[in-house]
Every structure is written in structure tokens, then in C-alpha cells.
Amino acid sequence: MRSYTYDVVVVGAGGAGMEAALNASKDPDLSVAVITKVFPTRSHTGAAQGGMNAALCYRDPEDTIESHIFDTIKGSDYLADQDSVEFFCNGMPDLVRELESMGVPYSRDEQGRVAQRPFGGASHPRCCYAQDKTGHVVLHALFENCLKNNVKFLDEYNLLDLAVDESGIEGLVAIDLRAGEIVMFRAKCVVLATGGFGRVYWTRTTNATNMTGDGVAAAMRVGVPIKDPEMVQFHPTGLASSGTLLSEACRGEGGYLINNQGERFMERYAPDKMELGPRDLVARSIETEIKEGRGFGEGMKSYVMLDMRHLGREKIMERLPQVRDLAIKFEGVDMITDPVPIRPSNHYSMGGIDVVNGRTCATKIPGLFAAGECSNISVHGANRLGGNSVSEVCFFGKQAGIGAAAAAKGRTLGGSQNLEETAAAWQERFDTMRAKSSGKHIYEIRDKMAEAMWNGVGIFREGPAIEEAMRVVDECIEEYKDARIDDTSKVYNNAFMNYVELGNVLTIARAVCLGALERKESRGSHSRGDYPTRDDVNFMKHSLISLEPDGSYSIDWRDVVVTSYQPQERKY
């Protein structure tokens, strides 16, 4: 069986992964490799359209880093760890300047400075952008700089599992899809930067099909808890027919949300911020309009309208060319001349791998680090502000790279026994699944899970519905044990990879249900009809959900870190 050895292995080549690799590779004595499902510049950070927050104070000299800190904490509905938020917001202006120096072509204001636009939940316009292609251009700049630093990229290598012993990380097992081979990676340090798990909701998400929480599930299997998995963000403006994202930049540039009576209905829900309220509030407002009969269409095909016509052709073509193209391609509507049908769509996972040191992105396992959407350093809490995602993945990806490099200098390679046993088990599984012809098909199980999650743990939640979703997910987990893939090929067996991914999303779906059931309050994105108010006495805490060796789940709680801001009612 093929085996590689590196000082640092990064899993994932999005903004967090490439920042981690770039910063780890600045030490010339360390060997650094990145394994990735897709070609690096096709990573999901490239789908980020609107921009990244940093208090540069160019567009609004009244803005401050302290305002960014408070907006983020308030937006999180006070579930964010305030020390992590302070570290993040203080570091963002320098990071934007660093990315600019690497070649990120930010849009410019009249003075030639990095342009900034308003975003939801922000008290000042601080979102730095490159038209509506910010994530795309950031990825390209990072990739070029990684190549300059001789980072080794292994494309179409998919993570299967981690291996640990009593001293910490041994390495990881992956599948080389091109060769159809199970491969071992020995490493002093591993950085997980595998992205979110939006495909838990499969049919109604802005996430790419490969966003299946592979790193999160692998970390859970070696004993790392998932923190706050119940905190799932639904973006207000997914295209009605497909869920494809229309950036918050549409509202940041002045777009209106309109119901079937022609009203700008956000006046009912956020009279001061209107369409630029935080995402959880705007998404619930849209769904309320639909539920109360003020939407267009019927059932799952219901929607409201995003009206951009008053912005004019020139502004739309200058600042929003990509989202206009998406609306034309997927809805057949040109936003220059017509309103666009939209409805909320699952978008972002605030929950993720429990990071115990936000300065280094270390987990509880020595040598294992996590950054980006797969992690939870808790800067987003119960609701992420628009513009804080690309910022967070790049900022903490950088910290993870620095932390992993420092740890690698002080660690020796662990043993290889568990790594070899894990690889052998996956080889047997690969052979077995290719030969198997009985059992329920993986796609039937996947669709059953997705429907249960949307209905029971979606935008609005109640105890009995969550319990029913959990029952169905448990049923799916049992069916998965005897599933089939109907593909005997060795090379490029994508059906086998879909099987692996389904196992991962099922693992996480069960945790989402448990967190949602046990958090008996409404906070941020977690909205329970049977517990409609926020409960700071009992739930100003992070949920920590662990997967036990026998396959059962347990839940623990950790207090939120409060430094400067005591919780108060969140009004917009």
C-alpha cells in the first residue's frame, strides 16, 4: 500500500487550507502537502461572492475595530466567544492588506483604496470586495503563492479517516480516486480545512455537492467533539428553483425584498436595518411571509421577490455581474429588467470541530488542527454575519498554519500501527462495496435523510419534529450499514466516494438533531416554536457532542467566554 510522509498535511484547498499550507511552508525545513477533493481553485471558497469584513475605515471613517467586534458578538446572539472575536477582528485589517499585496484584485473606491460595501448586521460599510467574485480571486492568489513556496498539492485525494495513538496524530488515510488506491499519509501534524456540511440538507442548500463534512466526521470518529452543530445558517436569498446563492451583496447594494402585495416586508421585522438585518432574521421573515400567504407560488415552490431594477444596468453590471448571470442561467430572469424569485437555502455551518486554542487552531488531539468552516473557534456563535466567512477562513487558516508548523518542529512522527490498521480496514471496505449487490441504494438513503432534516431541523423547529427527524436519521444510519453502490470500477469510483460522504453527513446529521433537541431556547439561527425566547441562564453555553466508540452520542456543555459585552436583547 502506498504511503507518504510529510511534516504537515493539510486536508482541503480552500481559503483556510491554502492559508494554512502557505504559512506552514514559510519554514523551509518543513515539508508541506495539501490533499484535496478538487483542483485547488475549484474549492468552495470560490463560491463566496460578496466580500470579507475588515475595519479599514476607508468608506466610513467612523468605523472602528471595536464596532466590528460588537457587531459580530451581537450578530452571534451572544454565543460567540468574545476573546476569539477580539483576536479575529483586530487582525483582519492587516490580513486584507496582506492579501492585497499577494495579488488579490480588490475593487477600488474613488481614491484608489480597497472598496467597501454595507452588509447585513453591520453598523458600518466594512465589507471589502472584488465585484461579486471575492472568494474566487482570493483562491487564485493563495494558490499562486503556495506554488511559489513549493507546497505539494495532491488533487482528487479524498480523506477517509484519521489515525491517532496515545501521543497524538499518526496521520490519515485517503483514497486516490484517479488510481483507485487507498493511500496512507504519515505526518507530524494534520490541519483539517475540509469545509462545511451543508449537504446534510442535500436538496436545499447553496453548498457544492462535495460539502459533506468529511473532516468533521473523521474528527468525531477519533474522539474530537463537534461544537454547536445545531447552529445552521439559512441564507435568505437562494434562487427559488435550485437554492443557488445570490450574494448578500445584492441587498448590500440596495436590493429590495418584495412580497405578493408589492410590500418591502422587512419593515415589519427590522424597521431600522430593513433588508440588511442579520441572515437568521431575514430568512425567518421570508418564511413567515410565505407561511402567512404573502408569497408567490405554492408549497416547496413558494418564494418572494428580490427586486434590483431600481439600481440600474450600470451599477448591476459593475458590481454584480456574476449574480446577474446566475439568475439568468438558473431562473431565466434578468435582474436588470425583472425581479428575481428567491427563498432561503441552507448556507453555512456555524458548528464544527471543537478547537480548544483559537490562537493556534489546535484540537484536543496533539498534532491535529482545524480551521475554516469545518472548525468551531466560535467567532460566529449562533449566527454568522455576512462578510465574516472569507475573513474567518483566511484569518484562522493562517493561524492554523503557523500553529501546525510550530508544533511540527517539536513533534516526532507517531507510530504507524493504527494508521496501517485503518488503511487495511478501508481497503477491505472498498473491495466489499464494489462487489456488493444487495441492500438499499445510497441515494435512496440520502434523499430520505435530507427530507427529514429540512422538515424537522430547518428554519423553524419544535421538539416533536426534531425527534421525528432524529428517528429517521437513526433509521438511515441502520440502512447505511447494508447499503449498496452498484459500481464495480476501481478507478474514479465516484459512487464509492458518495457512499463515504453519505456516512459522514449521517454522522453529523445525528449530532445536529441532538444539539437542536437539547438546546431548549431560541437563539440566532436556532428558532424553536416551543421555546421561543433566548435563555441566557441555562444556554449561554456551547453544546459539545461526541461520538462514542459504541456508536452512541453524548452531549456536554461549555460556558461562552464573555469579556466586554454582557448579553442584551438583539434588535435591528
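1. A quick definition to start: the expected span of a helix is 1.5 Å times one less than its number of residues, and helices (H or I, at least four residues) and strands (E, at least two) are DSSP runs numbered from the N terminus. Helix 14 (residues 494-518) has 25 residues and reaches 36 Å from its first C-alpha to its last, close to the 36 Å expected.

2. Before going on, note that this is a predicted model, where local features need pLDDT of at least 70, side-chain atom pairs count only at pLDDT 80 or more, and totals for chains, interfaces and linings use all residues. Residues are numbered from 1 along each chain as its sequence is written, and side-chain values use heavy atoms, with hydrogens and water left out.

3. Back to helix 14: 22 of its 25 residues are buried (under 20% relative accessible area, with exposed over 50% and partly exposed in between, using a 1.4 Å probe and protein chains only).

4. Now look at helix 1 (residues 15-24) beside helix 4 (residues 134-148). Their axes (lines fitted to C-alpha atoms over the stretch in contact, with angles from 0 to 180 degrees between N-to-C directions) come within 9 Å and cross at roughly 25 degrees. The two helices are therefore roughly parallel (that label covers angles under 35 degrees; over 145 is roughly antiparallel, 65 to 115 roughly perpendicular, and the rest oblique). Contact here means heavy atoms within 4.5 Å; on the helix 1 side it involves Gly-15, Met-18, Glu-19, Ala-21 and Leu-22, and on the helix 4 side Leu-139, Leu-142, Phe-143, Asn-145 and Cys-146.

5. Helix 1 also packs with helix 10 (residues 389-410), at about 35 degrees and with the axes 7 Å apart. Among the residues that meet are Gly-15, Ala-16 and Glu-19 of helix 1 and Val-393, Gly-397 and Lys-398 of helix 10.

6. Leaving aside residues up to four places away in sequence, Cys-189 touches Asp-7, Val-8, Val-9, Ile-169, Gly-367, Phe-369, Ala-404, Ala-407, Ala-408 and Arg-411.

7. For a sense of distance, Cys-189 and Ala-327 sit 138 residues apart in sequence and 43 Å apart in space, C-alpha to C-alpha. Ala-327 is one of the buried residues of helix 9 (residues 321-331). That buried set packs against strand 11 (232-239), helix 6 (249-252), helix 8 (313-319) and strand 14 (340-349). Just after helix 9, Gly-332 takes a positive phi of about 70 degrees.
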